[in-house]
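Keep the model in view as you read.

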Amino acid sequence: MGRHFLLPSINTDPTSPRLAPEPTRPDSAAELPSPFGNLDGLDLDDFREAAYEIFFTACRSSPGFGGRSVLTYHNPSDSGGGDGYGSAPGSPVKPPGVGMAVTSRVKMALGLKMLRRSPSSRRTSSCGSNPSSPSGSGSGSSPRVGFTVPHAGRMRRPLTSAEIMRQQMRVTEQSDNRLRKTLMRTLVGQMGRRAETIILPLELLRHLKPSEFNDPHEYHLWQKRQLKIIEAGLLLHPSIPLEKSDTFAAKLRDIIDSSETKVIDTGKTSPTMRTLCNCIVSLAWRSPDGGTTDICHWADGYPLNVHIYTALLSSVFDLKDETLVLDEIDELIELMKKTWSMLGINRSMHNLCFTWVLFEQYVLTRQVEPDLLGASFAMLTEVASDAKKVDRDPIYLKMLGCCLSAIKKWCEKRLLDYHGNFNRGNIGIMENMLPLLFSATKILEEDVPCYVTSSQEKGEAVVDEHSTGNRVDHYIRSSLRNAFAKMLEDQNVNGTTKYTEAQEVSEVLIKLARKTEELGIKEKDIFSPVLKKWHPIAAGVAAVTLHTCYGTLLKQYLTGKSSILNETVLVLQRAGKLEKALVQLVVEDSVECEDGGKTIVREMVPYEVESFIARLLKQWIQERLQKGKEYLLRAKQTEVSFVT
């Protein structure tokens, strides 16, 4: 029977398990959960609809939203002049002959490309009036916004900001009309009423009836969404803490619970509706000091306000290609700022939310647009400036820690196995990811109190977070260990694999030595030029890691070897060749180091191939001499026996 050889797998660093390359999944949100947590009973669609309702309410007096001062538009391309790009939606009319191309300062600052689409891609039809104005529709109470192809003879015009936002937020015309009706009924005789004094879900519940929906089930779902928003804003996450003994809160909670199984009667004579109104008004008009206040608080509690605002910010991505940002982003963001007073958002929170939305969109669109990653990094510079302010709000600090920790965790997961996640074709993404990661980490370390690293949370060995070079060192070692472990898997080498012949295991080790050398060359050619910006001897660290990985395998193979075999010599000779190649890689990479690379070279425990071969050869010679003596002694004994 042949001898059995057991090849154990290399034990990679327990603090950085191998992260196999993940296939692209349609549901990319699973790998990047929201840093702001989840709200039970509310999903992204709910936040998006609530965001549109708040946005439209806050902007109702702006041009294009049904206000009196609706702007008119003149498109040079319709009259045969101009550059053919049309005017920016919501911008004042320009005289004929003036260039109408959209130029976005925001996109320029973020390094994003302009779309430069023709005006016809963002046009609707009209009959000489603005359909977003109440007077522009066939019904005075139900203005309609058209998105049909213009009929012959009708004048085409660019979409207003209101129409763009309705498209972008996927709001149906029916929902939009219901919202407009509610605001018209609410604001009768008080058109100058401020948006932050309107408890919008309550007004919607009061003014909209089941008959205005397609069926009772649709109305029940809509009613439950409005009540869930109220519950989140007034009971679960109020901006002003509730007292446990608050009777209004208890009554409101009972009404919301009962709505799960049946529709609440919202008629004017309904006792339930009167109780609901009293509870909501009493809770929303509280003030922190118990005094009077001129604004109501129903949507400005964290994290409800952030979920709604990020849903609003997400509307800036083009529906035709969600990796692109609309050219109209400047004006849309200016309009979004009108919601800040209702949502309790300030500029610092806006910058942080926008950073997250850009980064999240990069992940959700399967990481195909590096410009989104670059835009996230550009916004992070604004966040870094905000984080240094002395008057930071505790809620903002909580948001900052959660958001940047999520970005850091996602980036590190890929960098700890960059061989499995990047290649020559997308190395630019890795190059953009590193500064984003280090910037986020720096903010966390310097500006977020009580920041705890993920390693500390798990009780693992802590990488020196204060040194960028040390973190890159950690990524290199982890990724190379993972890549080496992947090679073992590809060769079907694991702790239970048995090879019945010495030649079989020798062939595997020789092949692994060749692939290890190729991996070192790949590291030097593709990854080291990027990593060297952050670590002076990136290739050297990679070479040392590979040397250690193969050396561990070689040591396990040679353990217990008591006789020299041709296969063993071949393995040792190939290991020696690998060692020389890796040492040369370290030497070349350490030319500019102060110590000439002596420190990193000391980590390379020599394979001692020559001495091992000499030791085996000496042992083999001694065994042969001993056998020769035995044969000689046996021959003499035989001769003596024969003579006698």
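In this predicted model, the largest nonpolar core holds 166 residues. Leu 252, Trp 298, Phe 359 and Tyr 550 have the most contacts inside it. Helix α20, residues 538-558, gives the largest share of this core: 12 residues. Nonpolar side chains tend to be buried together in soluble globular proteins.

Zoom in on Leu 252. Which residues does Leu 252 touch, leaving aside those up to four places away in sequence? They are Ile 230, Leu 234, Leu 235, Leu 276, Cys 279, Ile 280 and Leu 283.

Now move to helix α23, residues 609-643. This helix has 35 residues. From first C-alpha to last, α23 reaches 51 Å, close to the 51 Å expected at 1.5 Å a residue. Its buried residues are Val 609, Phe 612, Ile 613 and Leu 616. What covers them includes α20 and α21.

Ile 621 also lies in α23. Is Ile 621 buried or partly exposed? Its relative accessibility is 39%, so Ile 621 counts as partly exposed. Together with Leu 617, Trp 620 and Leu 625, Ile 621 forms a nonpolar patch on the surface. The patch has about 360 Å² of accessible area.

Step across to helix α21, which contains Glu 579. Glu 579 counts as buried because its relative accessibility is 15%, and buried means under 20%. Leaving out residues up to four places away in sequence, Glu 579 touches His 547, Val 605, Pro 606 and Tyr 607. Gly 551 is 28 residues from Glu 579 along the chain, yet their C-alpha atoms are separated by 9.1 Å.

Charged pairs come next. The model has 30 salt bridges. One of them joins Arg 471 and Glu 445, with the closest N and O atoms 3.5 Å apart. This pair links distant parts of the chain: Arg 471 sits in helix α18 and Glu 445 in helix α16, 26 residues apart. Arg 471 has 4% relative accessibility, so it counts as buried. Glu 445 is partly exposed, at 26%.

Another salt bridge stays within one helix. Glu 518 pairs with Arg 514, and their closest N and O atoms are 3.3 Å apart. How are the two placed in helix α19? They are 4 residues apart, so about one helical turn separates them. An α-helix has 3.6 residues a turn, so residues three or four places apart point the same way. Glu 518 is partly exposed at 41%, and Arg 514 is partly exposed at 35%. Elsewhere, salt bridges that share partners join Glu 49, Glu 53 and Arg 225 into one network.

Conventions: Residues numbered from 1 in each chain as written. Predicted model: local features only at pLDDT ≥ 70, side-chain atom pairs only at ≥ 80, totals over all residues. Heavy atoms only, no water. Patch = residues over 30% accessible without salt bridge, like charges linked within 9 Å, V, L, I, M, F, W, Y side chains within 5 Å. Areas by Shrake-Rupley, 256 points an atom, 1.4 Å probe, with all protein chains shown as cover. Salt bridge = Lys/Arg side-chain N within 4 Å of Asp/Glu carboxyl O. Buried < 20%, exposed > 50% of the residue type's maximum accessible area, 1.4 Å probe, protein only. Core = buried A, V, L, I, M, F, W, Y, C linked by side-chain atoms within 4.5 Å. Contact = heavy atoms within 4.5 Å. Expected span 1.5 Å × (residues − 1).
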